[in-house]
Amino acid sequence: MATLRELKGRIGSVRSSEKITGAMKMISSAKMHKAEQALRQLQPFRGQIETIIANLAASDAAFSSPLMESRPVEKLTLVVWGSDDGLCGAYNVNIFKQLLQRLTLYRGLYGEGLEITVIPVGSKMAKAVGKLNLEGVKTADAEGVDSKSTDKAVTAFTNRLRDMFLNGETDRVDTLYMGFHSVSRQRVEAQQLLPVTQEVFAADQGKATDRPYIFEPSAEVIFRRVLPMYLMAVMQDIFTENRASEQAARVMAMQSANDNAKKLLDQLQLEYNKLRQAAITTELLDILGGQVK
């Protein structure tokens with residue numbers, strides 16, 4: 001049975017842990033709101049690009065791009081996002097489980113001869129992916145980027161993936177990341193980045209306006225300029241959503257840890273009070289016993 005001194009020491013440790021988790025929750029919450037704000041700031045840019053594409057798609061003009069070239073998939077690249085830091089609950093585990101399911105799905109779609117290259121973004125995901133030992137699956141480094149990268153690094157990374165596709169190093173590029181919906185709701189999402197499909201334009205048809213447009217210099221030239229910008233906007237969104245989701249997961253993990261610390265503190269405090277009351281009662285009995293003698 002624990003002594004009063006031991007219980008007092010445990011109570012002090014739990015109180016310290018409670019303060020630490022509370023502070024970490026506040027920090028993560030601030031970072032999450034910052035990522036949310038960045039996500040909102042990206043929306044007008046992506047929305048304008050999608051509107052341009054929608055108007056191009058709604059016109060009678062014919063256009064194409066090397067980024068839309070569909071070919072037999074023999075080599076596939078999957079970019080998967082995770083975190084660089086820990087203490088975010090099952091965040092990385094949930095993404096990794098979906099990664100394994102996607103690899104199985106690709107084998108079913110394209111056969112056992114498919115060559116898959118996994119590019120993990122974030123040190124935690126890189127560590128997990130590095131332990132994969134599957135035939136036909138190799139890992140490549142996400143050079144120059146991590147889960148916290150912004151602007152120039154993301155642009156360079158997107159250009160690298162685009163060049164890999166255009167040079168024939170890969171026939172398809174997919175992304176796997178944690179989509180941000182709210183503080184309490186994040187969901188693993190997968191989408192095809194390259195080649196860009198007609199379904200993307202079909203989804204944007206509702207953004208087209210009824211006003212007549214004159215394309216200058218031509219719809220083809222505009223389309224070829226806008227499409228790389230669209231890829232850049234998508235990639236910026238993914239990095240930002242993943243960053244917001246990571247912090248949201250950390251907020252929830254720290255909240256859970258804080259709640260557990262409070263419960264444990266209540267239990268220890270109750271045990272301490274009982275033991276202290278028992279000690280006082282024993283001392284009083286000893287005093288009364290001495291007086292009777």
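These legends describe close-up views of one predicted model.

Residues are numbered from 1 along each chain as its sequence is written. Because the model is predicted, local features need pLDDT of at least 70 and side-chain atom pairs count only at pLDDT 80 or more, while totals for chains, interfaces and linings use all residues, and side-chain values use heavy atoms, without hydrogens and water.

**View 1. The largest pocket and its lining.**
The volume of the largest pocket is about 580 Å³. A pocket here is an open set of points on a 1 Å grid over the protein atoms alone, where a 1.4 Å probe fits, with protein on both sides within 12 Å along at least five of seven lines. Lining residues have an atom within 4 Å of a point. Grid points are joined across faces, edges and corners, and a volume is the space filled by probe spheres set on the points. In the largest pocket, 27 residues form the lining. K34, A35, K148, T150 and R243 lie nearest the centre. Helices α1 (4–58) and α6 (219–292) each supply at least two lining residues. The largest share, 10 residues, is from α1. Helices (H or I, at least four residues) and strands (E, at least two) are DSSP runs, numbered from the N terminus. By class, the lining holds 10 nonpolar, 9 polar and 8 charged residues. Nonpolar covers Ala, Val, Leu, Ile, Met, Phe, Trp, Tyr, Cys and Pro; charged covers Asp, Glu, Lys and Arg; polar covers the others, Gly among them.

**View 2. The second largest pocket.**
This pocket has a volume of about 180 Å³. Its lining includes L100, L103, T104 and R107. Helix α2 (residues 91–110) gives the most, with 4 residues. The lining divides into 5 nonpolar, 3 polar and 4 charged residues.

**View 3. N92 in helix α2.**
N92 is buried, at 16% relative accessible area. Buried means under 20%, exposed over 50%, and partly exposed in between (1.4 Å probe, protein chains only). The N92 side chain makes a polar contact with the side chain of S83, at 2.8 Å. Such a contact is a pair of N or O atoms within 3.5 Å; within protein, one must be able to donate a hydrogen and the other to accept it, and residues adjacent in sequence count only if both atoms are side-chain atoms. Beyond four places in sequence, N92 touches G82, S83, D85, K124 and M125. Contact means heavy atoms within 4.5 Å.

**View 4. N94 and the β4–β5 hairpin.**
N94 also sits in helix α2. N94 is partly exposed, with a relative accessible area of 35%. Leaving aside neighbours within four places in sequence, N94 contacts M178 and V188. M178 stands opposite V188 in β5. Strands β4 (residues 172–182) and β5 (residues 185–194) run antiparallel, joined by 9 bridges. Two strands pair if DSSP finds at least two bridges between them. The hairpin has 2 residues between β4 and β5.

**View 5. Strand β1 beside β2.**
Strand β1 (residues 75–81) has 6 of its 7 residues buried, so it is largely enclosed by the rest of the structure. β1 pairs with β2 (residues 115–121) in the parallel sense over 7 bridges. V79 has I119 of β2 as its bridge partner.

**View 6. A142 in the loop between β3 (137–139) and α4 (152–166).**
A142 is buried, at 13% relative accessible area. Apart from neighbours within four places in sequence, A142 contacts I119, P120, V121, F157 and R160.
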